[in-house]
Structures are given as C-alpha cells and as structure tokens.
Amino acid sequence: MAAHEWDWFQREELIGQISDIRVQNLQVERENVQKRTFTRWINLHLEKCNPPLEVKDLFVDIQDGKILMALLEVLSGRNLSPGHQLLCPWWASTGSL
C-alpha cells in the first residue's frame with residue numbers, strides 16, 4: 001500500500017510540473033501577442049510620418065527614444081522638439097504647424 005501511495009504522490013508532482021510548464025508557455029505566448037499587437041499599433045501611427053517610420057523589433061527600435069518621440073508627435077499633433085530636426089514632420093505635408 002505504501003508503494004501505491006508513493007505512485008500517487010509522484011503522479012501529482014508530475015501533474016504539477018506539467019501545469020507549471022503550461023502556465024509558463026501561456027505567459028510567454030501572451031507576452032509575444034502583446035508585443036506584436038503593440039508593434040502593429042505603433043506602426044499604424046508611424047505610417048503618418050514623412051517618410052514613414054516602422055518598428056521591426058519593439059524593444060530594440062525604441063531604445064534611443066527617437067521612435068517614441070515621433071509617436072508622441074503623431075499622437076499629439078504637436079512638435080515636441082522645437083529647434084531640432086523632426087523625425088516625423090507630418091504637419092509639413094498637411095500644411096498645419
């Protein structure tokens with residue numbers, strides 16, 4: 001009977017390990033979906049830049065802040081870097097400043 005109980009505990013431990021692995025895989029998948037979704041959303045707005053900008057790798061491409069500044073300019077409709085060359089002068093093509 002002791003061997004039977006041991007098998008049951010081993011089985012439960014194995015099931016727990018499998019469940020942990022499945023949860024970890026789902027978390028990684030969820031993070032990847034969120035990264036792709038946010039990257040598509042950013043690129044949708046960066047298409048308004050002249051020339052259009054594109055994010056290929058979210059974490060690498062936004063590191064220097066230039067893409068983020070261009071995105072903020074597009075979303076706000078304002079020049080956020082006065083006196084500097086603008087990355088996304090979409091207002092130049094629309095006639096608004």
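1. A word on terms before we start: contact here means heavy atoms within 4.5 Å. With that in hand, histidine 45 touches Leu71, Val74 and Leu75, once residues up to four places away in sequence are left out of the count. Histidine 45 itself is found in helix α1. Helices are DSSP runs of H or I with at least four residues, strands are runs of E with at least two, and both are numbered from the N terminus.

2. Please keep in mind that this is a predicted model, in which local features need pLDDT of at least 70 and side-chain atom pairs count only at pLDDT 80 or more, while totals for chains, interfaces and linings use all residues. Residues are numbered from 1 along each chain as its sequence is written, and side-chain values use heavy atoms, with hydrogens and water left out.

3. Now the overall picture. The chain has four helices and zero strands, and from the N terminus on its elements run α-α-α-α. Helix α1 covers residues 2–46, while the loop between α3 (66–76) and α4 (90–94) holds leucine 80. Of the contacts in the chain with a separation of 6 or more, 28% are between residues 24 or more positions apart.

4. Buried residues make up 19% of the 97 residues in the chain; buried means under 20% relative accessible area, exposed means over 50%, and partly exposed is in between (1.4 Å probe, protein chains only).

5. Back to histidine 45, now that the classes are set out. Its relative accessibility is 13%, so histidine 45 counts as buried. The side chains of histidine 45 and tryptophan 41 are joined by a polar contact of 3.3 Å. A polar contact is a pair of N or O atoms within 3.5 Å; within protein, one must be able to donate a hydrogen and the other to accept it, and residues adjacent in sequence count only if both atoms are side-chain atoms.

6. Which rings pair up in this model? A search of the whole structure finds one aromatic pair. The rings of phenylalanine 38 and tryptophan 41 have centres 5.7 Å apart and planes at 15°, so this pair is stacked. The rule behind that label: rings of Phe, Tyr and Trp (its six-membered ring) pair if their centres lie within 6.5 Å, with planes under 30 degrees apart counted as stacked, over 60 as edge-to-face and the rest as tilted. Phenylalanine 38 and tryptophan 41 are three residues apart in helix α1, so about one helical turn separates them.

7. Phe38, Trp41 and Leu75 form a nonpolar patch, with about 280 Å² of accessible area together. Patches are made of residues with over 30% relative accessible area and no salt bridge, joining like charges within 9 Å and nonpolar side chains (Val, Leu, Ile, Met, Phe, Trp, Tyr) within 5 Å. Phenylalanine 38 is partly exposed at 37% relative accessible area, and tryptophan 41 is partly exposed at 36%. Leu75 is also one of the residues that histidine 45 touches.

8. How many salt bridges does the structure hold? There are two, a salt bridge being a side-chain nitrogen of Lys or Arg within 4 Å of a carboxyl oxygen of Asp or Glu. Glutamate 12 pairs with arginine 11, with the closest N and O atoms 3.2 Å apart. Glutamate 12 is partly exposed at 33%, as is arginine 11 at 47%.

9. The other salt bridge joins lysine 35 and aspartate 57, with 3.7 Å between the closest N and O atoms. Because lysine 35 lies in helix α1 and aspartate 57 in the loop between α1 and α2 (58–61), the pair ties together parts that are 22 residues apart in sequence. Lysine 35 is partly exposed at 26%, and aspartate 57 is partly exposed at 32%.

10. Last, a look at leucine 80, which counts as partly exposed at 36% relative accessibility. Leaving aside neighbours within four places in sequence, leucine 80 is in contact with Met69, Leu72 and Glu73. Methionine 69 is in helix α3 and is partly exposed at 30%. Methionine 69 and leucine 80 are eleven residues apart in sequence, with 7.5 Å from C-alpha to C-alpha. For leucine 80 and alanine 70, ten residues apart along the chain, the C-alpha separation is 8.7 Å.

How values were computed: Accessible areas come from the Shrake-Rupley method with a 1.4 Å probe; for residues, only the protein chains shown count as cover.
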